[in-house]
Amino acid sequence: MTALLEVEELRAGYGATQVLHGLSFSVVEGGVTTLLGGNGAGKTTTLRALCGMVARSGAIRMAGRSIASLSTEDIARLGVAHVPDGRGTFSRLTVEENLQLGAISRRDPQGIASDMRRIYGYFPILERRSSQQAGMLSGGEQQMLAVGRALMLRPKLMLLDEPSFGLAPRVVRELFAILAALKANEGVSILLVEQNASIALDLADHAYLLETGRIVFSGPARDIREDEKIRRSYLGY
Amino acid sequence: MSLPSDETLEAVPQPAVAGRMSPSLLVRSGFGLSALAVALILPLLTPSFLTFQLTLVLVYAIAIMGLNLLTGFNGQFSLGHSAFYAIGAYTAAILMDKASLPYALTLPAAGVTCFIFGFLFGLPALRLEGVYLALATFALAVATPQILKLSPLEYWTGGVQGIVIDKPDAPFGLPLNQDQWLYYFTLLVAVAMTIVATNLVASRTGRSMMAIRDNPTAARSMGINIALYKSLTFGVSALYTGVAGALGAIVVQFVAPDSFTFFLSISLLVGLVVGGVGWIPGAFFGGAFVLFVPNFAESLSKGLSGAVYGVMIILLIYVMPSGAAGLARMAGRLRHARGDRS
Amino acid sequence: MELLLQQILAGLATGTIYACIALAIVMTYLAIGHLNFAQGEMAMFSTFVAWQLIQWGVPYWITFLATISLSFLGGVLIERVVLRPIHNAPVLSHVAVFIGLLAILNSLAGFIWNFSVKPFPTPFGTAALGEGGFVSAHQVGMIAVTLVVLAFLYAFFRFTRIGLAMRAAAADPVSARLVGIRVDWMMALGWGMASSIGAIAGMMIAPIVFLEPNMMLGVLLYGFAGAVLGGLASPLGAVCGGLIVGVIENLAGTFIPVIGGELKFTIALVVIVAVLLMKPQGLFGRPVLHRV
């Protein structure tokens, strides 16, 4: 099982405030790795640091190649699709334009067209609303649009920042069922950041627990899920 | 990337509590007091024309302060402050010319007049945001000289030729010449208005203004009456710039429509940015820039004075993107980083 | 009634000038996300360059194309060189830099070519057309050129990938980076295009208002008004806005006694502001819904 993404001693922060204090973790190729933690743990900052959206230091390697000093857009072009918190939807553009933008850095029109069809297959609601302004979609639909847009990149690695945030439980279950299908069919590696530990652990292969900028636990997701002692002491349930 | 160690996170300045002054407040007051001391002595040493120019710097500073309250602290972009300056100037000139009002009393008259105009303009402007507000205020700026030139109003405004007024003498037989007296008079008004403005932005009202700028929806849901605050801010902002206009008229002894064109609005905006948006004392740096740099540019090259001025603005923004306020902030941070915790 | 009709048509004719400029302004706004105060001066400078080429004997249409290309390069250069250091500065600092640019270009043009008024040739001839000769061949040609540019822009933004990328970059640079768009180069491209369109506008209106460093100041304001009236969201809105401004200005000047002549521009602006109060996004703007 090779590591697609390797991170060593990642430090990052905003201005004078340091948020991450030397994280080391990796994402296995073809698998789902989840980064859990409460508010303020540094989960969003981690994803932003990986994409070069905040000042960072440390080693970050993707498929063996260092990306620690690349710009956000260059990292995206290497096949890293980041679905940020807030979803990053272009609210004044249509649903279809948002999806097209996901593939804007690709050069294979046939592949793009077939991907678009496949994604409409996963998210039929998007096809129904394809010419509506994206800003008019509900929270759940916007989240689906964000995931769909990420898939249009044909990414090697998908970074998902709290996809369950602000969504009703039923919508969350629907979304994660689709993520499970993506995991099975698309062969894309996923780094999933979540507060909702139970649903994340159902999907993930490997889990890390983040607390105030440090990793306090690392292990197979199954271990946390099944070991009551670990679960209770780290996740409280 | 080097990051500060954990201990510097503790060096947060304590809020000024009665009886106990934090180090940063002391330093800032020190700066303010020494600047004031210099300002008091200066006109006794400088030639009359320089005193006259320094007085104008103070006048522009007050005008810029007004713009800062509206655009910097409340987020309403205005290209129209030349109009309020003009209204203040003409109010003073007409009252002195037609009603023989003592010059000192024209200031409150100009202030009140402009407050009313500003408030009234602010009411419909509530519906406009950003670029659309820019256009509306821009219309105001362009309309003002045209209205001032209108024939039916000529009796009052003096038409294209404007109004000439007399320069006041120092009162109570003080041993000051006219330029020096006007300087001290303006300085007094400037200091008073600075203190009022500083207290305003530090108060609850000020925080409400800034809340409206940063997140109007959140502000509204916290119970802040957006319409009232925005219109009031417009009024206060116009008041400041109007008082500046009145002072300007007295100092220059002359008002005419073409002194108050859109270019004055642009100058005030440049002064605002140079001084630093959202920092009251920055207005003085802005005023100095707007008065002296164009003259300096002209002395460098008559034919290309505009180009030199433009280059200087751009270079200044490169070096200080947030104006003088940015420098002050950086200086404050350096003090903290060095562990200044006495 | 006939007078009204005549004045409306005459207003439309002058409105073509404003439509042209409004188009350039909206183009800039779509490409870079805020207004460029120096737009008018850049257009004026480009027109002077064109004039110089013509003085050196270059035929009109070659000059036209050359000026468009040079303006494009100029716009890209300004964005990459002058604006690069302030990318992260607050919006008002950008405004100050634009003002600086404005001053530089105006002064430079006056210095190189002096402030005397110069005639600028038109490729469309000077024949007067229509009943009573109220519109000139040049104005018809100007409308045609404006429509061609409009069609090009519409197609560019609507149907090309790079047009979509530019719209995304201007609307939300952070999200645009996340999909791999090189936002900095999109901005530069936008500036180049805006600069070219400004050059076209300048070359079209110079035969009417005559060429001198301050030529844009008078008409820029009308163009700005037209752009905002049209809603800043679409090139078509800009053109319509500009035409409407021309009509309003003309009607105000004709039908409002005495003051009308002195306050033409003010009245036009008052009408526009009144429209904005009723429709804050302009006539053709799409209301933006904010989901809280």
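Packed helices, an open sheet and a chain contact

Me: At what angle do helix H3 (residues 81-98) of chain B and H5(B) pack, and how far apart are their axes?
Reply: The angle is about 35 degrees and the axes are 7 Å apart. Axes are lines fitted to C-alpha atoms, for helices over the stretch in contact, and angles run from 0 to 180 degrees between N-to-C directions. This is a predicted model, in which local features need pLDDT of at least 70 and side-chain atom pairs count only at pLDDT 80 or more, while totals for chains, interfaces and linings use all residues. Residues are numbered from 1 along each chain as its sequence is written, and chains are lettered from A and ligands numbered from 1 in the order in which they are written.

Me: What makes the contact of H3(B) with H5(B)?
Reply: H3(B) supplies Ser82(B), Ala83(B) and Ala86(B), and H5(B) supplies Leu140(B), Ala141(B), Thr144(B) and Leu148(B). Residues are in contact if their C-beta atoms, placed from the backbone, lie within 7 Å.

Me: Why is H2(C) called roughly parallel to H4(C)?
Reply: Helix H2 (residues 39-55) of chain C and helix H4 (residues 91-113) of chain C pack at about 25 degrees, with axes 9 Å apart. Angles under 35 degrees count as roughly parallel, so H2(C) is roughly parallel to H4(C). Their contact residues divide into eight nonpolar, one polar and one charged.

Me: What is the hand of the crossing of H2(C) and H4(C)?
Reply: The crossing is left-handed: the near helix is turned anticlockwise from the far one by less than a right angle.

Me: What makes E6 and E10 of chain A edge strands?
Reply: In chain A, an open sheet of six strands has the order E6-E7-E8-E3-E9-E10, with mixed pairing. Strand E6 (80-83) and strand E10 (214-220) each pair on one side only. The twist averages 15 degrees from one strand to the next.

Me: How do you know that E3 of chain A pairs with E8 of chain A?
Reply: Pairing takes at least two DSSP bridges between two strands. Five bridges join strand E3 (residues 32-36) of chain A to strand E8 (residues 189-194) of chain A, so the two pair, and they run parallel. Leu35(A) stands opposite Val193(A) in E8(A).

Me: Which element gives the most to the side of chain B that touches chain C?
Reply: In total, 33 residues of chain B are in contact with 37 residues of chain C. H13(B) gives the most to the chain B side, with ten residues.

Definitions and conventions
Contact = placed C-beta atoms within 7 Å. Helix = DSSP H or I, 4+ residues; strand = E, 2+ residues; numbered from the N terminus. Parallel < 35°, antiparallel > 145°, perpendicular 65-115°, else oblique. Nonpolar A, V, L, I, M, F, W, Y, C, P; charged D, E, K, R; others polar.
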